[in-house]
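Dear colleague,

Please find the structure below, handed over for your records. My notes on its helices follow directly after it.

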Amino acid sequence: MIAVVLDGLVQGMQLALLGVGITMVYGLGGVLNLAHGQLAVIAAVAAALLLEAGLAPAAAAALGALGAGAAGVLADRTLLLPAYRRRGEERLLLALILTLGLAFAVDGFLAYRYPSVALTLRLATGAVVIAGIPVRTASLAASAMALGAFGALALFLRYTLVGKAVRSIIQNETGASLCGIDVARTRTLIVGLSGLLAGLAAVAQAFFSNVGPEMGPEFTVLALIVAVVGGVRSLSGTVAAGLLLGLVNAVSSYYVGTYLTWILLLLAALLTLLVRPEGLLASWT
């Protein structure tokens, strides 16, 4: 049972990496990015191609994740500009259509151009024993990556001027703009960070299974479920939701079967909307 719980926590951290990115973009710009999972896949395909070219696995994975961040920046500075000129529901709806179209375009291109390319990362040692419990080294590597990303993000938001600007925009975009904060540049930075986190989530998943071009929709749906359960404007809630849903996923897969996992995850999102629509934790940090 302890091994199942540990697996669930590791899966939860991967889900949190996905969910935090989509939460940041929605909280800052009022945009729900339906191409979020495709950014993760871009990182995986790029890293796989770099590995085939002979690059070291760590360097390939890092460059792949950075590539996903760059793709996010490109989408923000081009595709999403018409949405940013609108407010409220108009912005949200237009961005949904635009990012959905982007998701289809990325899926189609990758399936056509790189149908058999997939990222897989295998570590030299399969498992180690910690306190008498065998733990997969892949779990340790994925956990270290996720914890490092969360720690760096927390320090960035709490202690840097840009991070404080991000929090100001979330509270009041118009007021922040009147105070001299460059909303557009800050938003672009956050969309880039969101893509980077999605790329890290794909790299973490590659320690356990192949990550190929077909996985974009799955990543996006998982990110949306985590964001809904955690509260689409709450980073701390999103992390908590990721861990909770990771445990649900691991326990249900072990005791019931993987065929019910998606149903249970969707039920968790539905119950959250009915009982606590603001999410698990109704605060930003």
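Directly after helix 11 comes G257, which has a positive phi, near 135°. Helices here are DSSP runs of H or I with at least four residues, numbered from the N terminus. Please note that this is a predicted model, in which local features need pLDDT of at least 70 and side-chain atom pairs count only at pLDDT 80 or more, while totals for chains, interfaces and linings use all residues. Residues are numbered from 1 along each chain as its sequence is written, and side-chain values use heavy atoms, with hydrogens and water left out.

Helix 11 itself has 21 residues and reaches 30 Å from its first C-alpha to its last, close to the 30 Å expected at 1.5 Å a residue; the expected span is 1.5 Å times one less than the number of residues. Its buried residues include L235, G237, T238, A241 and G242. Buried means under 20% relative accessible area and exposed over 50%, with partly exposed in between (1.4 Å probe, protein chains only). The cover over the buried residues of helix 11 includes helix 1, helix 6 (137-159), helix 10 and helix 12.

Helix 12 (residues 261-275) is made up of 15 residues, and its reach of 21 Å between first and last C-alpha is close to the 21 Å expected. T261, L265, A268, A269 and T272 are its buried residues. Seen down the axis of helix 12, these fall within an arc of 95°, so they line one face of the helix; the arc is that of the directions from the helix axis to the C-beta atoms. On the face turned away from the buried side, helix 12 carries the exposed residues L271, L274 and V275. The buried residues of helix 12 pack against helix 10 (216-230) and helix 11 (235-255), where contact means heavy atoms within 4.5 Å.

The axes of helix 10 and helix 12 come within 8 Å and cross at roughly 35°. Axes are lines fitted to C-alpha atoms, for helices over the stretch in contact, and angles run from 0 to 180 degrees between N-to-C directions. This crossing of helix 10 and helix 12 is left-handed, meaning that the near helix is turned anticlockwise from the far one by less than a right angle, with clockwise for right-handed. Among the residues making the contact are V221, L222 and I225 of helix 10 and L265, A268 and A269 of helix 12. By class, the contact of helix 10 with helix 12 has 11 nonpolar, 1 polar and 1 charged residues. Ala, Val, Leu, Ile, Met, Phe, Trp, Tyr, Cys and Pro count as nonpolar, Asp, Glu, Lys and Arg as charged, and the others, Gly among them, as polar.

For helix 3 and helix 9, the axes come within 7 Å and cross at roughly 145°, and the crossing is right-handed. Residues that meet there include A61, A65 and G69 in helix 3 and V191, G192 and G195 in helix 9. The contact of helix 3 with helix 9 divides into 10 nonpolar, 6 polar and 3 charged residues.

Helix 9 also holds S194, which is buried at a relative accessible area of 1%. Beyond its neighbours within four places in sequence, S194 is in contact with G21, I22, M24, V25 and H36. H36 is among the buried residues of helix 2, whose cover includes helix 1 (2-29), helix 3 (57-77), helix 5 (88-113), helix 9 (183-206) and helix 10.

With kind regards

Definitions and conventions:
Helices (H or I, at least four residues) and strands (E, at least two) are DSSP runs, numbered from the N terminus.
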